[in-house]
Amino acid sequence: MVKYLFLDAKWEQRCASIENDANELLELAGIGMSDDGKVTDRIFRIVRPEGDKKISKGTKFFLNLTDKKIATGASLHTALTDFLDMFSEFQWIIVWNYRVYEIFLAKVRKCQLLLPEHKVLVLQDLIKEIDHGARGQLICLEKALRRYSVNFDVDGLHDAKYDTEQIRRLYLAMHSQY
């Protein structure tokens, strides 16, 4: 059984509003992990923008997305349905920052899908509270990975599939330390 669902998503970042459709979901990744730390499932979906919505050149460059990759992506509803079919039960969603969870939840609601009852753990907030070196400030994922001695490829960051694995590894490193 999946106890922990590690989640990451990437989106068009032209707009600050969560409800605004300018936050077009582009990548969705998840890793399920059992209570004993074993990976149960993995999923990664590229999400095709709805209608004729355009993705900014900056976002495409940052996420290394081509027009061809975007065009062959799944619809939002299909990507979320696939995701929730794979992870129909879990107790925790673990994300790097709360913004990822907010956008994910908004898109799930928009598609009128249901999530199982769960708790949310935001690693960035947890580090802020427990790591005196952070001095109460939010730190980026790269600095957190270095702080907890998690090996990573800096060129791989900003890809939902890769970042999800790093979030899982960071959680395990923190769990073993505390």
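Select α5 with β4 and β5: helix α5 lies across both strands and runs at about 60° to β5. Angles run from 0 to 180 degrees between N-to-C directions, with axes fitted to C-alpha atoms, for helices over the stretch in contact. Helices (H or I, at least four residues) and strands (E, at least two) are DSSP runs, numbered from the N terminus.

This is a predicted model, where local features need pLDDT of at least 70 and side-chain atom pairs count only at pLDDT 80 or more, while totals for chains, interfaces and linings use all residues. Residues are numbered from 1 along each chain as its sequence is written, and side-chain values use heavy atoms, without hydrogens and water.

Now show the whole sheet. It is open, mixed in pairing, and its 5 strands follow the order β3-β2-β1-β4-β5. Two strands pair if DSSP finds at least two bridges between them.

Next, pick β1 (residues 4-11) and β2 (residues 25-33). They run antiparallel, joined by 8 bridges. Find Lys10: Glu27 in β2 stands opposite. Contact means heavy atoms within 4.5 Å.

Last, select α5 (residues 123-130) and α7 (residues 160-177). Their axes come within 11 Å and cross at roughly 30°. That makes α5 roughly parallel to α7 (angles under 35 degrees count as such; over 145 is roughly antiparallel, 65 to 115 roughly perpendicular, the rest oblique). Show side chains: Leu123, Leu126, Ile127 and Ile130 in α5 meet Ile167, Leu170, Tyr171 and Met174 in α7.
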